[in-house]
Amino acid sequence: MPEPEQQLSGGNVAKDVVRVGNTVRKLATPATPSVEAFLKHLEAVGFTAAPKTLGRDEQNRHILEYIPGETIAMAHPLSIAELQRLGRLIRELHTASESFVPPTDAQWQVAIQPDAGDLICHHDLAPWNFVRDKTADRWVFIDWDGSGPGSRLWDLAYTAQSFCPLIAGGHPETDARRLAAIVNSYQLDRGEREAFPRVLAARTDAMYQLLLYGSKSGEQPWARLYAEGHGEHWIGAANYIRQHGALWQLWL
């Protein structure tokens, strides 16, 4: 008897994501072969914070390892020690990515144009794509469909903004301490630390611009998210980050 399919909720871009036993399945896209190659590489070099890719099924759906565990409720953000672990984890990912050689015919599905294309990045390392399996003490990032060329700072900036979180109405000193926990653990060099506040603001504003564009063009899911208030959230976050840029620089 085939195993039953359980519809999974929470995604904004991928449609019809289901769980089948210990796997997750989603319809393949032109970028899926490149994503599969990237995930295979990460597994081969020992990076455990990504789900294993397990091929395709008879419906041409990408099969991935199902990760049991919990996501983060924004009302209960990570502690300073956990943010430090997060920074080390992102550094580990980027180091693992350095040795990846994309297929010659690689296609990617990156939603926002990055500042550079130095290495293949996740591009959405945020709480909504983060699962903690407490039984195995394993932290995993899911939803790699939007991975593609990017830069260390661009990828890390999104992580820092969303996990601190740096949003309108925040407490600047508290947020600066949390930001430093991630960045210090990632171990940026001096030049990268000096550049990071600027990249942080640009990456956050880029998310707003994507939603704004969607609201004008009607492209989904960005138009819907803008209408639901996400645009206001992201422009508020971008303004907050720019307003306190000197403080972030001081702490870094």
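R61 forms a salt bridge with D57, with 2.7 Å between the closest N and O atoms. A salt bridge here is a side-chain nitrogen of Lys or Arg within 4 Å of a carboxyl oxygen of Asp or Glu. The model is predicted: local features need pLDDT of at least 70, side-chain atom pairs count only at pLDDT 80 or more, and totals for chains, interfaces and linings use all residues. Residues are numbered from 1 along each chain as its sequence is written, and side-chain values use heavy atoms, without hydrogens or water.

Both partners of this pair are buried (under 20% relative accessible area; exposed is over 50%, partly exposed in between; 1.4 Å probe, protein chains only). R61 has 7% relative accessibility, and D57 has 10%. Shared partners join R25, D57 and R61 into one salt-bridge network.

The structure holds 13 salt bridges. In another of them, D137 pairs with R85, the closest N and O atoms being 3.1 Å apart. D137 lies in the loop between β7 (130-133) and β8 (138-141) and R85 in helix α2, so the pair ties together parts that are 52 residues apart in sequence. D137 is exposed at 52%, whereas R85 is partly exposed at 27%. R224 pairs with E228 at 3.2 Å between the closest N and O atoms.

Helices (H or I, at least four residues) and strands (E, at least two) are DSSP runs, numbered from the N terminus. Two strands pair if DSSP finds at least two bridges between them. An open antiparallel sheet is formed by 5 strands in the order β1-β2-β3-β5-β4. Its edge strands, β1 (5-7) and β4 (53-56), each pair on one side only. Antiparallel strands β4 and β5 (residues 61-65) are joined by 2 bridges. R56 has H62 of β5 as its bridge partner.

Helix α4 (residues 172-186) has 15 residues. Just after α4, Q187 takes a positive phi of about 70 degrees.

The disulfide count is 0, a disulfide being a pair of cysteine sulfur atoms within 2.5 Å. The sulfur of C121 is 18 Å from the closest cysteine sulfur, in C164, which is too far for a bond. C121 is buried at 1% relative accessibility, and C164 is buried at 2%.

Technical notes:
Expected span 1.5 Å × (residues − 1).
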